[in-house]
Amino acid sequence: MIASVRGVVAGLSPDGAVIEVGGVGLAVQCAPGTLAGLRVGSPARLATSLVVREDSLTLYGFADDDEKQLFELLQTASGVGPRLAQAVLAVHAPDVVRKAVANADTGTLTRVPGIGKKGAERLVLELRDRIGPVPVGADGAAGVTAGAWPEQVRQALVGLGWTASQADQAVAAVAETVDGEVPPVPTLLKQAIRLLGRTR
């Protein structure tokens with residue numbers, strides 16, 4: 001129905017954005033990685049997927065069409081709704097998800113909050129034949145994501161209205177709590193927002 005939106009970013013929140021299109025503000029649910037690329041007052045284009053429920057219409061936004069297609073494919077697996085599909089894309093790049101499903105790498109999939117071992121096995125079983133081509137060199141993508149989290153969180157905080165120095169301080173404070181495996185970016189962003197909330 002609504003395949004994409006293009007307009008000026010009118011507002012940002014921790015879990016979404018308002019894009020003004022032809023005088024109408026559309027609320028779009030976005031993952032932190034997508035929000036990090038948006039700035040209030042700047043033009044933006046988001047690929048979108050409209051999820052229709054009996055009591056709601058929710059528009060989910062993505063940085064590109066590849067993310068959107070994977071979001072919609074993930075929901076064809078039993079037990080996966082839009083929130084969980086978005087959580088998958090908040091934690092892993094599309095190529096990493098495809099590789100994990102194609103190689104039955106349940107360990108990668110269970111890093112997503114809300115997906116246990118059985119859920120990961122079900123995703124592999126139901127989506128393996130439909131996941132599409134797995135790019136060569138996708139091995140390193142997870143590491144790049146893990147290493148890029150400070151900048152993603154910093155950009156998201158600045159986009160939400162904090163100053164660059166406040167964002168830097170929050171990222172530094174969060175970095176001190178990270179030991180071993182890096183948590184998903186949404187978790188780190190929420191932690192940073194909580195820290196900043198105390199200082200406002």
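Trainee: Where does UniProt place the feature "domain: Helix-hairpin-helix DNA-binding motif class"?

Mentor: The unreviewed UniProt entry places it at residues 72–91 and 107–126; such annotations may be inferred rather than shown by experiment. The model is predicted, with local features needing pLDDT of at least 70 and side-chain atom pairs counting only at pLDDT 80 or more. Residues are numbered from 1 along each chain, and side-chain values use heavy atoms, leaving out hydrogens and water.

Trainee: What are the helix and strand percentages over residues 72–91?

Mentor: The chain there is 65% helix and 0% strand, where helices are DSSP runs (H or I, at least four residues) and strands are E runs of at least two.

Trainee: Why is α2 called oblique to α3?

Mentor: Helix α2 (residues 65–74) and helix α3 (residues 82–91) pack at about 135°, with axes 9 Å apart. Angles under 35 degrees count as roughly parallel, over 145 as roughly antiparallel, 65 to 115 as roughly perpendicular and the rest as oblique. That angle therefore makes α2 oblique to α3.

Trainee: Which residues of α2 and α3 meet?

Mentor: E67, L70, F71 and L74 in α2 meet P82, A85, Q86, V88 and L89 in α3, contact meaning heavy atoms within 4.5 Å. The residues of this contact comprise seven nonpolar, one polar and one charged.

Trainee: Which residues in helix α4 are buried?

Mentor: In α4 (residues 94–102), P94, V96, V97, R98, A100 and V101 are buried, that is, under 20% relative accessible area with a 1.4 Å probe.

Notes: Axes are lines fitted to C-alpha atoms, for helices over the stretch in contact, and angles run from 0 to 180 degrees between N-to-C directions. Ala, Val, Leu, Ile, Met, Phe, Trp, Tyr, Cys and Pro count as nonpolar, Asp, Glu, Lys and Arg as charged, and the others, Gly among them, as polar. Buried means under 20% relative accessible area, exposed over 50%, partly exposed in between (1.4 Å probe, protein chains only).
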